Amino acid sequence: MIQKQIFFIAVLLAVFQLQAQEKSSNYRLGLSYGFGSEFSNTDYTFENHFYKAQLYYKIKETKNFEYEVLIQSEINFGKHQLLNYYFVKPEKPDFEQKRIEYTKMKEVMEYVLNIGFVVRKPIGKMCSIYILGSVGPLITDTETERMSKGFAFADVLAVGFTASYHKFQFDLRPSLRHVSNAGLGSSNAGYNTKNIEFGISYQP
């Protein structure tokens, strides 16, 4: 656990250091908070809330659109419970014990580093809408029937709305999130969640 916390703090420090070294107006530094839950199903529950540190860099601007790269580190606090214990098949070793274990409520921590691409459409001088796609590695600290403990990936597709005031930008971002380990672990069903996120960023 301590190693994971050190990793997350190191990523945050690297983001802040990079921003401090670059004073170009193409950079923005942001923080956000969000929460969400699983899509309705009969197999499991999953609810989460998360915090992110974000670094935006504008790579291109045209008459109608702006294009940005986004690097964001995230810590995600989840709660998960298996509802359908038949999801654990009899061919799994010690399946009866696993069913008992997995149907208990579990707390899941995820440490994430995402890289994304933003296509933004300005609306007047103060507002904009955008589409965001991001992907990146994560470390999860808890084994469940759907995910092995350890290394995995988080994929996010989002739309958003921003409003600017002086050098600050306020952000509202609904998103869809998929987490899985690409077959690198023994369990890879993953989680699918719908989330909403609130953020603020500053452009030097």
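Tutor: A charge sits over a ring if NZ of Lys or CZ of Arg is within 6 Å of the ring centre and within 35 degrees of the ring normal. We're looking at a predicted model, where local features need pLDDT of at least 70, side-chain atom pairs need 80 or more, and totals for chains, interfaces and linings use all residues. Numbering starts from 1 along each chain as its sequence is written, and side-chain values use heavy atoms, with hydrogens and water left out.

Student: Which residue lies over the face of Phe65?

Tutor: Phe39 has a charge over its face too: Lys194, at 5.4 Å from the ring centre. For Phe65 the distance is 5.6 Å, and the residue is Lys121.

Student: What is the angle between the planes of Phe151 and Phe153?

Tutor: Rings of Phe, Tyr and Trp (its six-membered ring) pair if their centres lie within 6.5 Å, with planes under 30 degrees apart stacked, over 60 edge-to-face and the rest tilted. The structure holds 11 such aromatic pairs. Phe151 and Phe153 form one at 5.1 Å centre to centre, edge-to-face because the planes are at 85 degrees.

Student: Why does Phe153 count as partly exposed?

Tutor: Buried is under 20% relative accessible area, exposed over 50% and partly exposed in between (1.4 Å probe, protein chains only). Phe153 counts as partly exposed because its relative accessibility is 28%.

Student: Which residues do ring pairs link into a cluster?

Tutor: Follow the ring pairs and you get a cluster of Tyr and Phe residues. Its members are Tyr33, Phe35, Tyr51, Phe77 and Phe198.

Student: How much space lies in the largest cavity?

Tutor: On a 1 Å grid over the protein atoms alone, a cavity is a set of points where a 1.4 Å probe fits but cannot get out; points join across faces, edges and corners, and volume is the space filled by probe spheres set on them. The structure holds two cavities of 30 Å³ or more. Of the 15 residues lining the largest (an atom within 4 Å of a point), Gln54, Tyr56, Asp171, Gly199 and Ile200 are the closest to its centre. The space in that cavity is about 80 Å³.

Student: Which residues line the second largest cavity?

Tutor: About 50 Å³ of space lies in the second largest cavity. Its lining is Phe50, Lys52, Glu74, Val156, Ser175, Arg177, Asn195 and Glu197.

Notes: 1 Å grid on protein atoms, 1.4 Å probe; cavity = no way out; pocket = protein on both sides within 12 Å on 5 of 7 lines; lining within 4 Å.
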